[in-house]
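Please look through the sequence and the structure shown below, and keep both in view while you read the paragraphs that follow.

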Amino acid sequence: MTETLTILRPDDWHVHLRDGAMLQSVVGATARQFGRAIVMPNLTPPVTTAALAWAYRDRIMAALPERAQFTPLMTAYLTDDTDPADLIGGFRDGVFTAAKLYPANATTNSAHGVTDIGKLRPVFEAMAEAGMVLCVHGEVTDADIDIFDREAVFVETVLAPLHRDLPQLKIAFEHITSRHAVDFVESAGENVGATITPHHLHINRNAMLVGGMRPHHYCLPVAKREEHRLALRKAATGGSAKYFLGTDSAPHEQHAKESACGCAGIYNAPHALEAYVQVFDEEDALDRFEGFASLNGPRFYGLEPNADSVTLVRREQVVPESIPAADTQVVPFMAGKTIGWSFVD
Ligand SMILES: NC(=O)N[C@@H](CC(=O)O)C(=O)O
Ligand SMILES: [Zn+2]
Ligand SMILES: [Zn+2]
């Protein structure tokens, strides 16, 4: 049995670091395990311009623990009014790594998102030409579409047509949750990749709804049936270079989740690699973990892998019930549960 796993340092290709006191509390957990992270721009107000991104990047750097060796990769929040010149300028100047498409009102802090993606055609063309990745929250927002179908309908009505019309555009289909998403990624060209979260590999919708409502298992896109979880596990551990690590770690204060209208988002940063490696271990695919965690992402983004490495050991640890953050606390993914692996600092 493999007892120790050493791999090139992974990156997190989708994370929410937030701002202010919450940023201060959570950034260290991501910087401890990952070399780089694609930082989501859904602040209030959102990070829509290069100037806002430079300022947010500075706040992240200032919040990092001393001696941290971590590079935040910034994203631009696309709106109906995104200026292609500012966007591509920011990409060329190195402040933007990618741009993020939130369909309006699809998820947390997405009220300023895009209402008509047809209008963004010039932006997408400029991005394709520059080689800039489009990160996508892939859910439709139509009130009459069932929440469990929103990803599948998005694939059919938005993503497949976009990829067909502009195959040169690099698309990171983020936090995929269904067999439909996997089928699309499989059939798409090499400019389509996808991130998979640890929680969607661990839980199905029963974890959220059986024996009481479990707000700490509520995120968007919402966890689906078991058949979809199994399709995701197969995709992540199957060796395809199209899938890579993206935690979607999304902290919300405990009281904001344990509420009559609880926020969507799961905070998994403190034990992200342990949660992932447990899945690869269960699937007898530890030899494929480095590809998923450390190689496929940089390759898709056209970056070099990290030069240093990290080690995980087969040693049990219990995830804390809650973690102090921003003057209150956040309940982490797998709170109170035992994980079979530990990250070695
Ligand atoms: N995943 C979530 O449920 N929530 C994210 C937003 C997102 O990634 O959709 C958040 O910012 O809280
Ligand atoms: Zn999202
Ligand atoms: Zn997210």
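His14 and Asp248 are both buried, where buried means under 20% relative accessible area, with exposed being over 50% and partly exposed in between, for a 1.4 Å probe and protein chains only. This is a predicted model, in which local features need pLDDT of at least 70 and side-chain atom pairs count only at pLDDT 80 or more, while totals for chains, interfaces and linings use all residues. Residues are numbered from 1 along each chain as its sequence is written, chains are lettered from A and ligands numbered from 1 in the order in which they are written, and side-chain values use heavy atoms, with hydrogens and water left out.

The zinc ion (ligand 3) is coordinated at 2.0 Å by His14 (NE2), His16 (NE2) and Asp248 (OD); donors are N, O and S atoms within 2.8 Å of the metal (3.2 Å for Na, K and Ca), and sites may look incomplete because water is not among the atoms. The donor residues of the zinc ion (ligand 3) follow the spacing H-x1-H-x231-D in sequence. His14 lies in strand E2 (residues 12-15) and Asp248 in the loop between strand E9 (243-245) and helix H10 (254-257), so this pair ties together parts that are 234 residues apart in sequence. Helices (H or I, at least four residues) and strands (E, at least two) are DSSP runs, numbered from the N terminus.

The zinc ion (ligand 2) is separated by 3.7 Å from the zinc ion (ligand 3), and its protein donors, His137 (ND1) and His175 (NE2), lie 2.1 Å from it. His137 is in the loop between strand E6 (133-136) and helix H5 (150-165), and His175 is in the loop between strand E7 (171-173) and helix H6 (179-187), so that the pair links distant parts of the chain, 38 residues apart. Both His137 and His175 are buried.
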